[in-house]
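Please look through the sequence and the coordinates shown here before reading on. The report is meant for a reader who wants to follow the fold from its overall layout to individual side chains.

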Amino acid sequence: MAHPARSAPSGGPDRPPGGKRILATDDIGRILDRIAHQILEKTKGAPDTILLGIPTRGVALAGRLADRIRRFGDVDVPAGTLDITLYRDDLRRHALRPLGPTDLPPSGVDEQRVILVDDVLYSGRTVRAALNALYDLGRPAQVQLAILVDRGHRELPIRADYVGKNIPTSSAENVVVSLTEYDGSDSVVLTGGEDR
């Protein structure tokens with residue numbers, strides 16, 4: 001779910017102060033290389049596969065994975081965007097958010113293997129919202145989940161098929177993901193925070 005644990009503050013990957021860097025640029029590159037190879041292996045070459053990034057940082061990660069799959073497997077896997085704003089279960093508790101774009105490949109999602117891509121897996125509520133949004137658009141043959149960081153604390157029975165790094169956290173900590181596309185550089189930083 002959209003949560004301080006997912007967003008990097010403006011000003012770069014080293015803020016807020018006092019955070020512990022978990023992943024640097026090279027680490028994130030290696031993780032995405034590994035996930036791309038795993039996707040190619042697990043899907044036997046990724047036929048009829050599309051990647052849908054969950055905004056915000058999942059969109060950039062989906063694009064990077066598509067590029068790597070193209071390089072490693074010599075196959076074009078389209079990447080798109082799945083906006084989940086209207087499917088979130090916390091709309092009543094938070095200020096209204098602007099709707100984002102849903103950008104699907106021309107093939108749509110029917111009978112495709114859809115791999116949802118996000119930066120942090122936490123409670124599982126974002127993924128639940130993404131599944132609801134996805135099935136309003138069509139009927140995929142299969143849905144998988146690729147995550148850069150799994151921080152635990154699941155509230156729903158959801159797990160990722162592809163995990164970059166498991167980071168044990170307390171509920172009082174935040175996982176701050178920075179990506180070049182949005183923040184100017186790549187990193188994952190663990191910071192302290194108030195218990196939510």
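**Overall fold**

This is a predicted model, in which the protein chain has four helices and eight strands. Read along the sequence, these elements follow the pattern β-α-β-α-β-β-α-β-β-β-α-β. Of the 196 residues in the protein chain, 49% are buried, and the chain exposes about 9,400 Å², of which carbon and sulfur atoms supply 49%. Among contacts between residues at least 6 apart in sequence, 72% join residues at least 24 apart.

**Nonpolar cores**

The largest nonpolar core has 32 residues, and those with the most contacts inside it are Leu51, Leu65, Ile69, Val117, Leu148, Val149 and Val188. At least two residues of this core come from each of strand 1 (20-23), helix 1 (25-42), helix 2 (57-73), strand 4 (113-121), strand 5 (142-150), strand 7 (173-178) and strand 8 (187-192). The element that gives the most to this core is helix 1, with seven residues.

When its neighbours within four places in sequence are left aside, Val149 is in contact with Leu23, Asp119, Val120, Leu121, Lys165, Ile167, Val175 and Val188. There is also a second, separate core of 18 residues, which includes Leu52, Val109, Val114 and Ile147.

**Helix 2**

Just after helix 2, Asp74 takes a positive phi of about 55°.

**Aromatic rings and charges**

How many aromatic pairs does a search of the whole structure find? The search finds zero. Charged side chains do, however, lie over tyrosine rings, as with Lys42 over the face of Tyr162 and the charged end of Arg151 over the ring of Tyr122. The table gives the distances.

| Charged residue | Ring | Distance from ring centre |
|---|---|---|
| Lys42 | Tyr162 | 5.4 Å |
| Arg151 | Tyr122 | 4.0 Å |

Notes
Residues numbered from 1 in each chain as written. Predicted model: local features only at pLDDT ≥ 70, side-chain atom pairs only at ≥ 80, totals over all residues. Heavy atoms only, no water. Core = buried A, V, L, I, M, F, W, Y, C linked by side-chain atoms within 4.5 Å. Buried < 20%, exposed > 50% of the residue type's maximum accessible area, 1.4 Å probe, protein only. Contact = heavy atoms within 4.5 Å. Areas by Shrake-Rupley, 256 points an atom, 1.4 Å probe, with all protein chains shown as cover. Phe/Tyr/Trp six-rings, centres within 6.5 Å; stacked < 30°, edge-to-face > 60°. Lys NZ or Arg CZ within 6 Å of the ring centre and 35° of its normal.
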